[in-house]
Amino acid sequence: MRKSAKRVSELRRVRNRGRTPKHQPIRKKPTGIAGFDQITDGGLPVSRLTAVIGGPGMGKSLFALQFLLNGLRTAGEPGLFVTFEEPVDRVRANVAGLDWSFDSIPENQLALIDARLPADTVQAGAFDVSGLLAALTARKAAMGACNVVFDGIDLLISSLNDEYLERRELARIDDWIRAEGMTAILTVKSYSMSDRDQKRADLIQYLTDCVVRLEGKLFDANFSRTLRVVKYRGSNFAPDAVPMAIGHSGIEVVPNQISRDNYPVFLERISSGVPRLDAILDGGFTRGSSILLSGAPGTAKTSLAASLAAAGCGRGQKAAFVSFDESDVQIIANMKSIGIDLRRHVASGRLAMMSLRSNGHSPEECFLKICDLVRRHKPDILIVDPLSAFMETAYPFAAIIAESLVDLAKSKGITFLGTSLLGQAAGEVEASAIHVSTIADTWIHVSYVVQNGERNRALTIVKSRGTGHSNQVRELALTGKGIDLVDVYVGDGKVLLGSARLEKQQLETRDERLEEVQRAHRKFEFGRGIAELQARAQAIVQELASKRREAQLEESAEKVRSVARREAITQRGLSRRLADDSRFHPRHKKQRAGR
Amino acid sequence: MSVKASKRARAVVSPANSGADGREICLKLYIASTTPNSERAKTNLDAALRDFSVVPGYRVELIDVLADAKRAVTDNVIVTPTLVAIGPKRHLVMIGDLSDSDKLHGLLKAAATFS
C-alpha cells in the first residue's frame, strides 16, 4: 500500500511539472497535408501531443515526416525526428521514392536522431527516458527546433514491462513537450499482440490531445486506405474516416466534406464542338458546369468528349483529357478518323492528356493524380473518360471521389465532362445507376436503337439545369467530317433512325409525288365540273330569261285579251240596251242562247 | 558542469583500482541527476563492484545527462540509467536501475574478459 501511494505521488509530481494553469484557446499548425488540415480545421495542436496510430505500412512515419517538413518549409521551423525502430539511413531511404527528400536539408534544420538501443543491450531493472529528453533539450536549444516526432516509442517503453512504469515515461515525455513548448507527434503501432499492447495504445489515446488513426482494409482485392481523427481536445473535427492515398508527394487525404457553395457562376456558353448539339442545348454548355455523358459502349461518348476538348482548344482555352485504360495515342488516332484533330492541340500545349489505369489504383489515388494535373495545367475544360471507371471498383469511397472530382472542377470554374459507361438498360433505370447524375448540371444520354438489323445511336438530353433544351431524341451520326445530329423520323408511333429513317423518308417522298399528281388530277376534274356546271347554269339562266319573256308576252297577250273581252262586254251591254229598245229583235235572242 | 559531474563520480564510486596484472575495466554510467532510478543504479553498481571478486580493477565515469546535456547528444544516450562497459573491440550496454544483480554480474564478468 505504501509503495503504491509513493508511486502515485511520484506520478503526480512528474505530471505537474511544467504545467501552466492558464487556459488558452487551442492554436493549430498545418501539416501540409491539405485534406487533413481541412478536416481538422487547421492541422495539429501547437505545443501539444498528437498520437498517430496505425498498423505496419500505414504511413505513420510518413505522416510525421511530412509534418516536420511542412513546418520547415512554410514556417522555417526546425524539427527533430527521433526514430526508435528504424535506422536513420532507412528512414531516408523510405522517402527516396517521393518527390521530396532530406538530402538537401541540413542536419541543423531537420535532425534525424537514432534512438534505437544497441542490439545486444541487456535490461536490468527500470529505466526512464530522461537521457533522451536531456539530449533533445540540448539539440532543441542548439537548433531552435519547434517540432518533434517520436517514431515508434512503444518499442522502447514496452521493454519496461510494467504498466505503471510505461505510463510514467509517457507522462514524462508529455510533460517535456509541454514544458519545452514543442509540437509533437507520437507514432504508435495499433496491432496488439497482448492485452498490454492494447492498454498502452489506450493510454496513449487518453494522454494525447489529438489522435489520428491510419487504417487500411481490403475490399475484394482492392486496398483502401483511410485516415480518421479519433479525438481532438478543444477543437471541432470531422470524425469520419476519409480516403487517403500515398502518392508521389507522400500522404494525401481526400476530405469528403463538399462545400457546394462559393462556386463561381458563369452565364457564358461554350460550344460542344457539334453545332447541332449546341442548338438543342440552347447555345451550348454553360461554362463551369458539369456534364455527364452516359451510354453503352461505343455510343460515341469519347468522341463527344474529344469534340468538346478540341472546340475549347480551338477557341484558345486549355483542356485536360483524363482517360482510363485507353492510351493517349489510341485516343488521338481514333479521333482523327472522325475528323477531330487532337494532336495539334497537344502540340500547342493547350491539351493535356493523361492515361490512368483503373485497376490497381484506388479512386483516391486517381483523384490525386487528376488534382495534380489540374494544378499544373490549369485547364478550362476537364474530361474524365470514363468517370464510371471509379464506380466499377469495390473501393468504398468511389462515389465520394467521383463527387469530389466534380466539386474540384466546380470550385475552380472548370467545365467538367465525365462519361459513364452504362449497360443497355434503357430509360429511367439509368437514373439511379450513377450517383454523379445528381450533381451533374447537364446529363446527356446516348443509347443504341436496334431496328431492322441495324444499330443506331440516339442522343437525348436527360436534363440541363438552367438552360433551355430540346427534349427530342436525335440521331447521332459519326462521319469522317465529325459528329452531327440528325432529326429522327417520328411517326406511326415509332422513332426511326439510320437507313430505316432514310427509307421511310424516301417512301414518303414517293408518296408525296403521287399525292401531288392525284391532287392535280383532282383539281383538273373539279375545274371541268365547275365549267360544265357553269355552262349549264348559263343555259338555265338563258332558259329562264326566255321563259320570263314568254311569260311577259303571255301576260301582255292576256291583257290584250281582257281588254278585248271588256270591250266585248261593253259592246254586249250596248247591244242589250238596244235590244230593250227593240225587244224582239231576233239577233239578240240568238246571242243569249249561244252562251 | 562536467567537472562537477566527474567530481561527483569520484565521490560516489571507488576511484581507479588497478588489479595486480594492471588490467581494469572501464565503465560509464549515465544517470539523470537524482531520479530514483539513477540513485538505485549508483548504489547497485557500487555494491556489485565492491562484492564482485572477478573484477580485476575498474574505472567508473559517472555522467549526469541533465547537467551535461551535450554529452547526452554526443554519446547518444537514450535511457537513463545506462551502463556501458568499454571494451577494445565492442561495448556492452546495460539499461535500467541495475537491480537485477545476476545480469549486472554477468556484464562485469564479460567486461573482465576484455583484454
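Reader: What makes strand 9 of chain A and strand 10 (residues 222-232) of chain A a pair?

Author: Two strands pair if DSSP finds at least two bridges between them. Here 10 bridges join strand 9 to strand 10 of chain A, so they are a pair by that rule, and they run antiparallel. Within strand 10 of chain A, Ser224(A) is the residue opposite Lys217(A). The two strands form a hairpin with two residues between them, and Asp220(A) in the turn has a positive phi of about 55 degrees.

Reader: And what counts as a strand or a helix in the first place?

Author: Both are DSSP runs, numbered from the N terminus: helices are H or I with at least four residues, strands are E with at least two. On that basis chain A has 17 helices and 25 strands.

Reader: How is everything numbered, and what kind of model is this?

Author: Residues count from 1 along each chain as its sequence is written, while chains are lettered from A and ligands numbered from 1 in the order in which they are written. The model is predicted: local features need pLDDT of at least 70 and side-chain atom pairs count only at pLDDT 80 or more, whereas totals for chains, interfaces and linings use all residues.

Reader: What is the pLDDT of chain A on average, then?

Author: pLDDT is the predictor's confidence in each residue, from 0 to 100. Chain A averages 83, with 87% of the residues scoring at least 70. Over residues 424-433 of chain A it is below 50, and beyond near neighbours in sequence this stretch has nine contacts in the model. A contact needs the C-beta atoms of two residues, placed from the backbone, to lie within 7 Å.

Reader: Back to strand 9 of chain A: which way does it run against strand 3 (residues 49-54) of chain A, parallel or antiparallel?

Author: Parallel, over five bridges. Ala51(A) faces Val211(A) there. Both strands sit in an open sheet of nine strands with mixed pairing, ordered 5-4-7-8-3-9-10-11-12 in chain A.

Reader: What makes strand 5 (110-114) and strand 12 (250-253) of chain A the edge strands?

Author: Each pairs on one side only. Neighbouring strands of this sheet are turned by 25 degrees against each other on average, direction ignored. Further along, strand 4 (residues 79-83) and strand 7 (residues 147-151) of chain A pair in the parallel sense over five bridges, with Val82(A) opposite Phe150(A).

Reader: Which strands does helix 5 of chain A touch when it packs on the sheet?

Author: Strand 4, strand 5 and strand 7 of chain A, and its direction makes about 155 degrees with that of strand 4. Helix 13 of chain A packs on the sheet too, touching strand 11 (242-247) and strand 12, at about 65 degrees to strand 11. Axes are lines fitted to C-alpha atoms, for helices over the stretch in contact, and angles run from 0 to 180 degrees between N-to-C directions.

Reader: How do you know that the span of helix 13 of chain A agrees with what it should be?

Author: The expected span is 1.5 Å times one less than the number of residues. Helix 13 (residues 363-377) of chain A has 15 residues, so it should span 21 Å, and its end C-alpha atoms are 21 Å apart, which agrees. Just after the helix, Lys378(A) takes a positive phi of about 50 degrees.

Reader: How many residues does each chain put into the contact between A and B?

Author: Chain A gives 21 residues and chain B gives 28. On the side of chain A, the largest share, eight residues, comes from helix 5. Strand 6 of chain A also pairs with strand 4 (residues 91-95) of chain B, in the parallel sense over two bridges, and Val122(A) has Met94(B) as its bridge partner.
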